[in-house]
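Have a look at the sequence and the model first.

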Amino acid sequence: MTDIELGPIRPPSESQSLLIRVTRGCHWNKCFFCGLYKGMKYSVRPTDDILEDIKISVEVYDGINFTSCFLQDADAINIPTEDLLLIGYACFCCRSLTKSVYMMRFGAFFISIL
Ligand code: SF4
């Protein structure tokens with residue numbers, strides 16, 4: 001099992017959320033009060049890597065019932081819509097983080113889009 005990549009922040013409002021890092025840094029990165037991503041070049045993570053992190057999350061957090069997912073870091077909506085939908089669906093499928101449910105729904109989804 002490889003590590004899940006996580007960003008540097010979990011907002012208090014996301015204390016119960018599953019964290020999924022979909023970008024690195026912030027493309028704006030100019031707010032004077034924010035040093036969170038200074039020195040970090042903004043990039044969108046490859047969708048396959050994100051889906052792999054979600055898959056690993058199923059193993060790591062098996063049995064935990066998350067009610068939401070927080071997409072890290074900034075500017076997650078820069079991701080192409082079809083990829084964002086895929087990521088969102090994968091997050092939805094692992095909300096209960098039960099392996100069988102995740103694999104069944106995830107597999108069925110891929111079959112349905114092929
Ligand atoms: S993460 Fe938010 S607050 Fe920080 S530089 Fe980017 S837009 Fe500004």
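How many residues does helix α2 have, and how far does α2 reach from its first C-alpha to its last? Helix α2 (residues 81–93) has 13 residues and reaches 18 Å, close to the 18 Å expected at 1.5 Å a residue. This is a predicted model, in which local features need pLDDT of at least 70 and side-chain atom pairs count only at pLDDT 80 or more, while totals for chains, interfaces and linings use all residues. Residues are numbered from 1 along each chain as its sequence is written.

Helices here are DSSP runs of H or I with at least four residues, numbered from the N terminus. The expected span is 1.5 Å times one less than the number of residues.

| Helix | Residues | End-to-end C-alpha span |
|---|---|---|
| α1 | 47–60 (14 residues) | 20 Å |
| α2 | 81–93 (13 residues) | 18 Å |

A residue is buried if 20 or more other C-beta atoms lie within 10 Å of its own, and exposed if 12 or fewer do, with C-beta atoms placed from the backbone. In α2, Ile-87, Ala-90, Cys-91 and Cys-93 are buried. These fall within an arc of 165° seen down the axis, so they line one face of α2. The arc is taken from the directions from the helix axis to the C-beta atoms. Thr-81, Glu-82 and Leu-85 are exposed on the face of α2 turned away from its buried side.

In α1, the buried residues are Ile-50, Asp-53, Ile-54, Ser-57 and Val-58. They cover an arc of only 150°, which puts them on the same side of α1.

Notes: Helices (H or I, at least four residues) and strands (E, at least two) are DSSP runs, numbered from the N terminus.
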